[in-house]
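Please study the sequence and the structure, then work through each solution in order.

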Amino acid sequence: MAAPSDNLKINGDRLWDMLMEMAKIGPGIAGGNNRQTLTDEDGEGRILFHKWCIEAGLTMGIDQMGNMFMRREGTDPDALPVYVGSHLDTQPTGGKYDGVLGVLAGLEIVRTLNDLDMKTKHPIVVTNWTNEEGTRFAPAMLASGVFAGMHTQDWAYERTDAEGKTFGTELKRIGWRGEEEVGARKMHAFFELHIEQGPILEIEGKDIGVVTHGQGLSWTQITITGKESHTGSTPMPMRKNAGLGMAKVLQLVDEVAWSHKPDAVGAAGHIDVYPNSRNVIPGKVVFTVDLRSPQLAVIEDMEARLKDGAQKICDDMGLEIAFEKVGGFDPVTFDETCVTAVRNAAERLGYSHRDLISGAGHDACWINRVAPTAMVMCPCVDGLSHNEAEEISPEWAKAGADVLFHAVVETAEIVE
């Protein structure tokens with residue numbers, strides 16, 4: 001495969017203008033975005049993206065999960081397409097770049113090819129995956145998961161939001177349910193550009209993260225049951241404090257994660273305390289432990305030590321404990337050829353780079369199961385994401401999109 005010349009780069013100003021224009025849809029209250037999946041705002045963002053794609057000469061396919069596939073034809077009608085993209089949906093208090101950068105950088109690749117009147121052997125398909133965030137309808141990466149055969153479509157359609165509305169009903173309501181069978185498409189390769197959502201690239205002064213692996217994830221919901229009683233009048237020896245039990249378990253989670261440093265992590269982000277009253281000792285707590293590592297054996301070890309250690313803690317305290325595995329996926333090793341294309345592109349363009357393990361889940365993690373896949377990452381300020389204060393620079397966005405352009409176009413094969 002012939003590599004693009006190192007003087008071929010995307011239009012950074014045009015990409016940045018698209019990012020700022022999309023950010024006007026579903027504005028947050030503190031400078032970010034609230035464009036949750038299958039809301040009216042999500043529908044409006046899709047309309048704008050579709051408009052831009054049609055103007056760039058792309059044709060749309062849309063499947064029954066609402067995944068948008070915007071196609072630029074190749075010269076070989078039998079060649080499998082190279083896919084590139086991410087997601088347009090955001091967290092309730094999300095930033096302007098998480099996911100959106102990857103979709104619009106894919107569109108900018110097409111616009112640049114059009115400007116240069118360049119053709120590729122393989123078609124290029126710019127993709128918007130539905131419900132990557134999983135905030136409104138859990139789990140995350142829902143539609144790409146159905147595409148990759150990890151979930152059934154019927155199960156996905158039955159996911160409900162906080163108001164009891166179902167995914168299937170809301171997808172139809174906003175008018176973005178297609179007729180195409182989910183997962184029927186075959187891919188030559190898939191590339192995704194994303195902000196790092198962590199601090200490593202910025203701290204080390206690197207322009208590009210070459211993502212070699214994605215961390216595996218394990219979510220275990222733990223329920224500890226004790227006895228509600230008055231905080232002032234219950235003697236210490238007679239207490240069955242579920243909150244204290246949770247505190248000791250969370251200390252265990254931290255110790256277990258530290259024992260597998262530097263790549264393993266663990267914490268609890270979702271915690272419910274009952275009755276959550278100032279003068280009542282908690283009688284029940286429900287919390288979800290999030291364990292992650294790029295090695296499956298490490299995840300399994302952390303899960304086992306969590307369960308054994310938490311059980312002993314509660315037994316010693318006279319508390320009841322129950323465990324429920326509520327989510328997870330195995331670690332991901334991205335395709336060596338695609339990863340090499342990303343690394344070579346960064347070197348060819350003179351961008352500083354380092355190999356990186358993604359600590360977050362992405363649509364690419366599921367698509368890697370059905371097609372050769374790789375990811376490109378760019379820095380974000382202070383590693384902050386899933387926050388309206390999320391920020392990147394135009395230079396970082398352009399560097400990431402330049403590398404993405406070269407990796408995608410090399411894989412799609414330039415026709416001289």
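**Exercise 1.** Determine which residues form one aromatic cluster.

*Solution.* The cluster consists of F69, Y83, W129, F147 and F190. The model is predicted: local features need pLDDT of at least 70, side-chain atom pairs count only at pLDDT 80 or more, and totals for chains, interfaces and linings use all residues. Residues are numbered from 1 along each chain as its sequence is written, and side-chain values use heavy atoms, without hydrogens and water.

**Exercise 2.** Classify the pair of W129 and F147, and state what it ties together.

*Solution.* Step 1: rings of Phe, Tyr and Trp (its six-membered ring) pair if their centres lie within 6.5 Å; planes under 30 degrees apart are stacked, over 60 edge-to-face, and the rest tilted. By this rule there are nine aromatic pairs.
Step 1: for W129 and F147, the centres are 5.2 Å apart and the planes stand at 75°, hence edge-to-face.
Step 2: W129 lies in the loop between β5 (124–128) and α4 (142–147), and F147 in helix α4, so the pair ties together parts 18 residues apart in sequence. Helices (H or I, at least four residues) and strands (E, at least two) are DSSP runs, numbered from the N terminus.

**Exercise 3.** Is W129 buried or exposed?

*Solution.* Buried means under 20% relative accessible area, exposed over 50%, and partly exposed in between (1.4 Å probe, protein chains only). At 1% relative accessibility, W129 is buried; F147, at 6%, is also buried.
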